[in-house]
Amino acid sequence: MTWTAKRNRISAAATAMLLVALLLIRLPVWAEPLPTDEEEMHSLLEKSLSVVEIDKEISRISAQKQELMLTMTDTEKQLLLQEQQISDKQEEAGNVLRAYYMGDRDFLLQALLSFNSLSELFQMLDYAEIILTHDKNTLNTYVGQYRKVKQGYEQLQTRQAELTAIEEQLQTQKKRVLALEQQLDAQLSGRSDADRIRILMNELTSYWESAGITEVKQYFRALSKAMKNLPSWVQDNKQLLEIKGFNYTIRVPEDDLNSFLREQNDIFNNFAFTFKDDKIIAQGKSDNMEIKITGHYTIENDPKNAILFHSDELVFNGFSLPDTTSRALEEEFDLGFYPDLIVSFLKANAVEIKDGELTIKLQLKL
(Lines give C-alpha, C1' and ligand atoms only; values in the text may rest on other atoms or scores of the structure.)
Protein backbone atom coordinates (compact mmCIF):
# COMPACT_ATOMS: atom_id res chain seq x y z
CA MET A 1 0.00 0.00 0.00
CA THR A 2 1.38 3.43 -1.01
CA TRP A 3 1.99 6.19 1.50
CA THR A 4 -0.75 8.31 -0.14
CA ALA A 5 -3.32 5.53 0.25
CA LYS A 6 -2.26 4.98 3.89
CA ARG A 7 -2.54 8.70 4.57
CA ASN A 8 -6.07 8.83 3.08
CA ARG A 9 -7.16 5.86 5.19
CA ILE A 10 -5.72 7.47 8.32
CA SER A 11 -7.46 10.77 7.50
CA ALA A 12 -10.81 9.04 6.94
CA ALA A 13 -10.48 7.10 10.17
CA ALA A 14 -9.58 10.24 12.10
CA THR A 15 -12.60 12.05 10.68
CA ALA A 16 -14.91 9.20 11.64
CA MET A 17 -13.44 9.08 15.16
CA LEU A 18 -13.95 12.86 15.51
CA LEU A 19 -17.63 12.60 14.53
CA VAL A 20 -18.22 9.72 16.96
CA ALA A 21 -16.44 11.54 19.77
CA LEU A 22 -18.53 14.66 19.22
CA LEU A 23 -21.74 12.64 19.41
CA LEU A 24 -20.65 10.72 22.52
CA ILE A 25 -19.83 13.83 24.52
CA ARG A 26 -23.00 15.47 23.08
CA LEU A 27 -21.44 18.90 22.69
CA PRO A 28 -22.88 21.14 19.95
CA VAL A 29 -20.90 20.01 16.90
CA TRP A 30 -21.00 23.53 15.47
CA ALA A 31 -18.93 24.73 18.42
CA GLU A 32 -16.09 22.47 17.23
CA PRO A 33 -14.00 22.64 14.03
CA LEU A 34 -15.92 21.16 11.09
CA PRO A 35 -14.54 18.05 9.31
CA THR A 36 -12.20 18.33 6.37
CA ASP A 37 -15.02 18.85 3.84
CA GLU A 38 -16.02 21.93 5.81
CA GLU A 39 -18.03 23.78 3.17
CA GLU A 40 -20.12 20.76 2.18
CA MET A 41 -20.74 19.79 5.80
CA HIS A 42 -21.81 23.37 6.58
CA SER A 43 -24.13 23.35 3.56
CA LEU A 44 -25.70 20.05 4.63
CA LEU A 45 -26.33 21.20 8.19
CA GLU A 46 -27.67 24.57 7.10
CA LYS A 47 -30.07 23.01 4.61
CA SER A 48 -31.29 20.50 7.18
CA LEU A 49 -32.02 23.36 9.58
CA SER A 50 -33.86 25.24 6.83
CA VAL A 51 -36.01 22.20 6.11
CA VAL A 52 -37.11 22.08 9.75
CA GLU A 53 -37.85 25.81 9.89
CA ILE A 54 -39.76 25.88 6.59
CA ASP A 55 -41.73 22.85 7.76
CA LYS A 56 -42.81 24.97 10.72
CA GLU A 57 -43.95 27.68 8.32
CA ILE A 58 -45.92 25.09 6.36
CA SER A 59 -47.62 23.97 9.55
CA ARG A 60 -48.40 27.59 10.48
CA ILE A 61 -49.83 28.36 7.04
CA SER A 62 -51.84 25.13 7.05
CA ALA A 63 -53.37 26.05 10.41
CA GLN A 64 -54.12 29.55 9.10
CA LYS A 65 -55.76 28.00 6.04
CA GLN A 66 -57.96 25.72 8.16
CA GLU A 67 -58.99 28.61 10.40
CA LEU A 68 -59.88 30.75 7.37
CA MET A 69 -61.90 27.93 5.81
CA LEU A 70 -63.87 27.54 9.04
CA THR A 71 -64.52 31.29 9.09
CA MET A 72 -65.69 31.17 5.48
CA THR A 73 -68.04 28.28 6.30
CA ASP A 74 -69.53 30.26 9.19
CA THR A 75 -69.91 33.30 6.93
CA GLU A 76 -71.72 31.23 4.30
CA LYS A 77 -74.12 29.90 6.94
CA GLN A 78 -74.82 33.41 8.19
CA LEU A 79 -75.43 34.59 4.63
CA LEU A 80 -77.98 31.82 4.03
CA LEU A 81 -79.82 32.83 7.20
CA GLN A 82 -79.69 36.51 6.26
CA GLU A 83 -80.97 35.75 2.75
CA GLN A 84 -83.95 33.94 4.27
CA GLN A 85 -84.63 36.89 6.54
CA ILE A 86 -84.36 39.40 3.72
CA SER A 87 -86.68 37.42 1.50
CA ASP A 88 -89.32 37.63 4.26
CA LYS A 89 -88.99 41.40 4.36
CA GLN A 90 -88.61 41.88 0.62
CA GLU A 91 -92.32 41.36 -0.18
CA GLU A 92 -93.38 43.58 2.72
CA ALA A 93 -91.01 46.36 1.64
CA GLY A 94 -92.26 45.98 -1.94
CA ASN A 95 -95.85 46.41 -0.80
CA VAL A 96 -94.96 49.61 1.04
CA LEU A 97 -93.19 51.09 -1.98
CA ARG A 98 -96.02 50.00 -4.28
CA ALA A 99 -98.58 51.68 -2.00
CA TYR A 100 -96.81 55.02 -2.27
CA TYR A 101 -96.25 54.66 -6.01
CA MET A 102 -99.90 53.75 -6.68
CA GLY A 103 -101.23 56.50 -4.44
CA ASP A 104 -102.62 54.19 -1.78
CA ARG A 105 -101.27 56.47 0.92
CA ASP A 106 -102.95 59.58 -0.46
CA PHE A 107 -105.82 59.09 1.97
CA LEU A 108 -103.51 60.22 4.76
CA LEU A 109 -103.13 63.64 3.23
CA GLN A 110 -106.88 63.87 2.52
CA ALA A 111 -107.68 62.90 6.12
CA LEU A 112 -105.30 65.51 7.48
CA LEU A 113 -106.91 68.22 5.33
CA SER A 114 -110.52 67.30 6.17
CA PHE A 115 -110.49 67.67 9.93
CA ASN A 116 -113.38 69.50 11.64
CA SER A 117 -111.67 70.18 14.95
CA LEU A 118 -108.25 70.23 16.55
CA SER A 119 -109.00 66.98 18.35
CA GLU A 120 -109.71 65.29 14.98
CA LEU A 121 -106.47 66.76 13.57
CA PHE A 122 -104.38 65.40 16.45
CA GLN A 123 -106.08 62.01 16.12
CA MET A 124 -105.37 61.93 12.38
CA LEU A 125 -101.76 62.94 13.01
CA ASP A 126 -101.38 60.02 15.45
CA TYR A 127 -102.76 57.58 12.87
CA ALA A 128 -100.52 59.02 10.16
CA GLU A 129 -97.46 58.79 12.41
CA ILE A 130 -98.22 55.13 13.21
CA ILE A 131 -98.60 54.23 9.52
CA LEU A 132 -95.59 56.23 8.36
CA THR A 133 -93.39 54.92 11.20
CA HIS A 134 -94.37 51.35 10.34
CA ASP A 135 -93.60 51.95 6.66
CA LYS A 136 -90.27 53.55 7.54
CA ASN A 137 -89.28 50.71 9.87
CA THR A 138 -90.20 48.15 7.21
CA LEU A 139 -88.07 49.88 4.58
CA ASN A 140 -85.15 50.52 7.01
CA THR A 141 -85.17 46.88 8.11
CA TYR A 142 -85.08 45.69 4.52
CA VAL A 143 -82.31 48.13 3.53
CA GLY A 144 -80.28 47.19 6.64
CA GLN A 145 -80.59 43.48 5.93
CA TYR A 146 -79.75 44.02 2.26
CA ARG A 147 -76.57 45.95 3.18
CA LYS A 148 -75.64 43.27 5.69
CA VAL A 149 -75.94 40.55 3.06
CA LYS A 150 -73.94 42.64 0.59
CA GLN A 151 -71.18 43.20 3.16
CA GLY A 152 -71.20 39.49 3.95
CA TYR A 153 -70.56 38.63 0.31
CA GLU A 154 -67.80 41.25 0.11
CA GLN A 155 -66.15 39.74 3.20
CA LEU A 156 -66.50 36.29 1.65
CA GLN A 157 -64.80 37.49 -1.53
CA THR A 158 -62.00 39.06 0.51
CA ARG A 159 -61.49 35.84 2.45
CA GLN A 160 -61.56 33.85 -0.77
CA ALA A 161 -58.72 36.04 -2.06
CA GLU A 162 -56.86 35.53 1.24
CA LEU A 163 -57.37 31.78 0.93
CA THR A 164 -55.96 31.83 -2.60
CA ALA A 165 -52.90 33.79 -1.38
CA ILE A 166 -52.42 31.38 1.53
CA GLU A 167 -52.68 28.40 -0.77
CA GLU A 168 -50.00 29.94 -3.02
CA GLN A 169 -47.75 30.51 0.01
CA LEU A 170 -48.32 26.93 1.09
CA GLN A 171 -47.39 25.54 -2.30
CA THR A 172 -44.33 27.79 -2.51
CA GLN A 173 -43.00 26.61 0.87
CA LYS A 174 -43.72 22.97 0.03
CA LYS A 175 -41.71 23.34 -3.19
CA ARG A 176 -38.86 24.92 -1.22
CA VAL A 177 -38.79 22.04 1.25
CA LEU A 178 -38.95 19.45 -1.51
CA ALA A 179 -36.07 21.13 -3.38
CA LEU A 180 -33.95 21.27 -0.21
CA GLU A 181 -34.68 17.63 0.62
CA GLN A 182 -33.70 16.60 -2.90
CA GLN A 183 -30.47 18.58 -2.60
CA LEU A 184 -29.71 16.94 0.75
CA ASP A 185 -30.37 13.48 -0.65
CA ALA A 186 -28.13 14.23 -3.63
CA GLN A 187 -25.30 15.51 -1.42
CA LEU A 188 -25.57 12.56 0.98
CA SER A 189 -25.87 9.98 -1.80
CA GLY A 190 -22.77 7.83 -1.99
CA ARG A 191 -21.21 9.16 1.20
CA SER A 192 -20.03 6.45 3.54
CA ASP A 193 -20.69 8.74 6.51
CA ALA A 194 -24.26 9.66 5.47
CA ASP A 195 -25.82 8.08 8.57
CA ARG A 196 -23.47 9.94 10.89
CA ILE A 197 -24.18 13.21 9.10
CA ARG A 198 -27.91 12.66 9.53
CA ILE A 199 -27.28 12.22 13.24
CA LEU A 200 -25.36 15.52 13.27
CA MET A 201 -28.28 17.18 11.46
CA ASN A 202 -30.62 15.94 14.17
CA GLU A 203 -28.22 17.17 16.84
CA LEU A 204 -28.13 20.65 15.30
CA THR A 205 -31.90 20.75 14.91
CA SER A 206 -32.43 19.60 18.46
CA TYR A 207 -30.00 22.20 19.80
CA TRP A 208 -31.66 24.98 17.79
CA GLU A 209 -35.18 24.00 18.86
CA SER A 210 -34.35 23.41 22.52
CA ALA A 211 -31.96 26.31 23.14
CA GLY A 212 -31.18 28.36 20.03
CA ILE A 213 -34.62 29.71 19.19
CA THR A 214 -35.20 30.45 22.89
CA GLU A 215 -32.02 32.54 23.00
CA VAL A 216 -32.94 34.38 19.80
CA LYS A 217 -36.39 35.16 21.14
CA GLN A 218 -34.88 36.50 24.35
CA TYR A 219 -32.95 39.07 22.30
CA PHE A 220 -35.99 39.97 20.19
CA ARG A 221 -38.16 40.26 23.31
CA ALA A 222 -35.61 42.50 25.04
CA LEU A 223 -35.27 44.64 21.89
CA SER A 224 -39.03 44.99 21.59
CA LYS A 225 -39.29 46.15 25.19
CA ALA A 226 -36.35 48.55 24.80
CA MET A 227 -37.81 50.11 21.64
CA LYS A 228 -40.90 51.09 23.60
CA ASN A 229 -38.64 53.22 25.82
CA LEU A 230 -36.67 54.73 22.94
CA PRO A 231 -38.96 57.78 22.38
CA SER A 232 -38.67 58.90 26.01
CA TRP A 233 -34.89 58.35 25.85
CA VAL A 234 -34.71 60.63 22.79
CA GLN A 235 -36.72 63.25 24.67
CA ASP A 236 -34.26 63.06 27.58
CA ASN A 237 -31.28 63.44 25.22
CA LYS A 238 -32.02 66.70 23.44
CA GLN A 239 -28.68 66.64 21.62
CA LEU A 240 -30.07 63.88 19.41
CA LEU A 241 -32.87 66.11 18.11
CA GLU A 242 -32.27 68.92 15.61
CA ILE A 243 -35.00 71.47 14.82
CA LYS A 244 -34.89 73.73 11.76
CA GLY A 245 -38.17 75.50 11.18
CA PHE A 246 -40.81 72.83 10.78
CA ASN A 247 -38.25 70.10 10.04
CA TYR A 248 -37.04 67.78 12.77
CA THR A 249 -34.11 65.36 12.56
CA ILE A 250 -33.14 62.64 15.03
CA ARG A 251 -29.53 61.44 14.84
CA VAL A 252 -28.65 58.35 16.85
CA PRO A 253 -24.98 57.24 16.78
CA GLU A 254 -24.54 53.48 17.15
CA ASP A 255 -22.48 53.95 20.34
CA ASP A 256 -25.31 55.91 21.96
CA LEU A 257 -27.86 53.30 20.95
CA ASN A 258 -25.72 50.50 22.36
CA SER A 259 -25.34 52.41 25.63
CA PHE A 260 -29.12 52.88 25.76
CA LEU A 261 -29.75 49.18 25.19
CA ARG A 262 -27.29 48.14 27.90
CA GLU A 263 -29.07 50.45 30.31
CA GLN A 264 -32.31 48.67 29.44
CA ASN A 265 -31.15 45.08 29.80
CA ASP A 266 -27.93 43.27 30.78
CA ILE A 267 -28.49 40.86 27.89
CA PHE A 268 -27.05 43.55 25.60
CA ASN A 269 -23.69 43.62 27.42
CA ASN A 270 -22.48 41.04 24.91
CA PHE A 271 -24.58 42.34 22.04
CA ALA A 272 -23.94 45.34 19.80
CA PHE A 273 -25.55 47.25 16.95
CA THR A 274 -23.61 48.50 13.95
CA PHE A 275 -24.97 50.96 11.37
CA LYS A 276 -23.49 50.55 7.91
CA ASP A 277 -24.68 51.28 4.35
CA ASP A 278 -28.42 51.32 5.04
CA LYS A 279 -28.09 48.11 7.04
CA ILE A 280 -28.41 47.43 10.74
CA ILE A 281 -26.19 44.64 11.99
CA ALA A 282 -26.85 43.34 15.49
CA GLN A 283 -24.68 40.54 16.80
CA GLY A 284 -23.68 39.00 20.06
CA LYS A 285 -22.24 35.90 21.67
CA SER A 286 -23.18 34.05 24.82
CA ASP A 287 -21.59 30.77 25.90
CA ASN A 288 -21.69 28.51 22.82
CA MET A 289 -24.24 30.63 20.97
CA GLU A 290 -23.54 33.37 18.48
CA ILE A 291 -26.37 35.36 16.92
CA LYS A 292 -26.25 37.83 14.05
CA ILE A 293 -29.23 39.79 12.73
CA THR A 294 -28.99 41.95 9.62
CA GLY A 295 -31.92 44.17 8.70
CA HIS A 296 -33.21 47.54 7.59
CA TYR A 297 -35.88 50.12 8.45
CA THR A 298 -38.83 51.27 6.35
CA ILE A 299 -41.37 54.07 6.80
CA GLU A 300 -44.94 52.78 7.07
CA ASN A 301 -48.14 54.82 7.36
CA ASP A 302 -50.75 52.08 7.72
CA PRO A 303 -52.28 51.69 10.24
CA LYS A 304 -50.13 54.50 11.70
CA ASN A 305 -46.88 56.26 10.94
CA ALA A 306 -43.99 54.11 12.10
CA ILE A 307 -40.40 53.13 11.39
CA LEU A 308 -40.50 49.35 11.17
CA PHE A 309 -37.57 46.96 11.38
CA HIS A 310 -37.27 44.14 8.83
CA SER A 311 -34.90 41.24 9.35
CA ASP A 312 -33.03 40.40 6.13
CA GLU A 313 -30.85 37.65 7.57
CA LEU A 314 -30.72 35.71 10.80
CA VAL A 315 -27.58 33.69 11.50
CA PHE A 316 -27.22 31.27 14.39
CA ASN A 317 -23.72 29.90 15.11
CA GLY A 318 -22.77 30.54 11.49
CA PHE A 319 -25.89 28.91 10.02
CA SER A 320 -28.29 31.14 8.09
CA LEU A 321 -31.92 30.58 8.95
CA PRO A 322 -34.55 30.82 6.18
CA ASP A 323 -36.58 33.98 5.65
CA THR A 324 -39.63 32.25 7.13
CA THR A 325 -37.95 32.30 10.55
CA SER A 326 -37.24 36.03 10.31
CA ARG A 327 -40.82 36.79 9.20
CA ALA A 328 -42.24 34.77 12.09
CA LEU A 329 -40.09 36.69 14.58
CA GLU A 330 -41.14 40.02 13.02
CA GLU A 331 -44.78 39.08 13.49
CA GLU A 332 -44.23 38.01 17.08
CA PHE A 333 -42.07 40.95 18.22
CA ASP A 334 -42.55 44.61 17.35
CA LEU A 335 -39.19 46.33 16.94
CA GLY A 336 -40.72 49.45 15.44
CA PHE A 337 -40.16 53.08 16.41
CA TYR A 338 -43.15 55.43 16.63
CA PRO A 339 -42.31 59.15 16.21
CA ASP A 340 -45.64 60.43 17.55
CA LEU A 341 -44.59 59.11 20.95
CA ILE A 342 -41.87 61.78 20.95
CA VAL A 343 -44.07 64.62 19.72
CA SER A 344 -47.69 63.88 18.84
CA PHE A 345 -47.81 66.22 15.84
CA LEU A 346 -44.77 64.72 14.10
CA LYS A 347 -44.45 61.92 11.57
CA ALA A 348 -41.42 60.26 10.00
CA ASN A 349 -40.85 60.76 6.29
CA ALA A 350 -37.33 59.38 5.83
CA VAL A 351 -34.84 57.08 7.53
CA GLU A 352 -31.18 56.66 6.66
CA ILE A 353 -28.35 54.51 8.00
CA LYS A 354 -24.84 55.66 7.20
CA ASP A 355 -21.40 55.95 8.75
CA GLY A 356 -22.35 54.56 12.15
CA GLU A 357 -25.42 56.75 12.55
CA LEU A 358 -29.18 56.29 12.27
CA THR A 359 -30.89 59.41 10.91
CA ILE A 360 -34.66 59.90 11.09
CA LYS A 361 -36.27 62.90 9.40
CA LEU A 362 -39.64 64.08 10.63
CA GLN A 363 -42.19 66.65 9.59
CA LEU A 364 -45.45 68.07 10.85
CA LYS A 365 -48.58 65.99 10.31
CA LEU A 366 -50.85 67.67 7.80
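Student: Which residues in helix 7 do W208, V216, K217 and F220 in helix 5 meet?

Tutor: This is a predicted model, where local features need pLDDT of at least 70, side-chain atom pairs count only at pLDDT 80 or more, and totals for chains, interfaces and linings use all residues. Residues are numbered from 1 along each chain as its sequence is written, and side-chain values use heavy atoms, with hydrogens and water left out. Contact means heavy atoms within 4.5 Å, and helices are DSSP runs of H or I, at least four residues, numbered from the N terminus. On that basis, the helix 7 partners are T325, L329 and E332.

Student: How do the residues of that contact divide?

Tutor: Ala, Val, Leu, Ile, Met, Phe, Trp, Tyr, Cys and Pro count as nonpolar, Asp, Glu, Lys and Arg as charged, and the others, Gly among them, as polar. The contact of helix 5 with helix 7 then splits into four nonpolar, one polar and two charged.

Student: Why are helix 5 and helix 7 oblique to each other?

Tutor: Axes are lines fitted to C-alpha atoms, for helices over the stretch in contact, with angles from 0 to 180 degrees between N-to-C directions. Under 35 degrees is roughly parallel, over 145 roughly antiparallel, 65 to 115 roughly perpendicular and the rest oblique. The axes of helix 5 and helix 7 cross at roughly 45 degrees, so the pair is oblique.

Student: In strand 2, what is the bridge partner of L241?

Tutor: Strands are DSSP runs of E, at least two residues, and two of them pair if DSSP finds at least two bridges between them. Strand 1 and strand 2 run antiparallel, joined by four bridges. The partner of L241 is I250.
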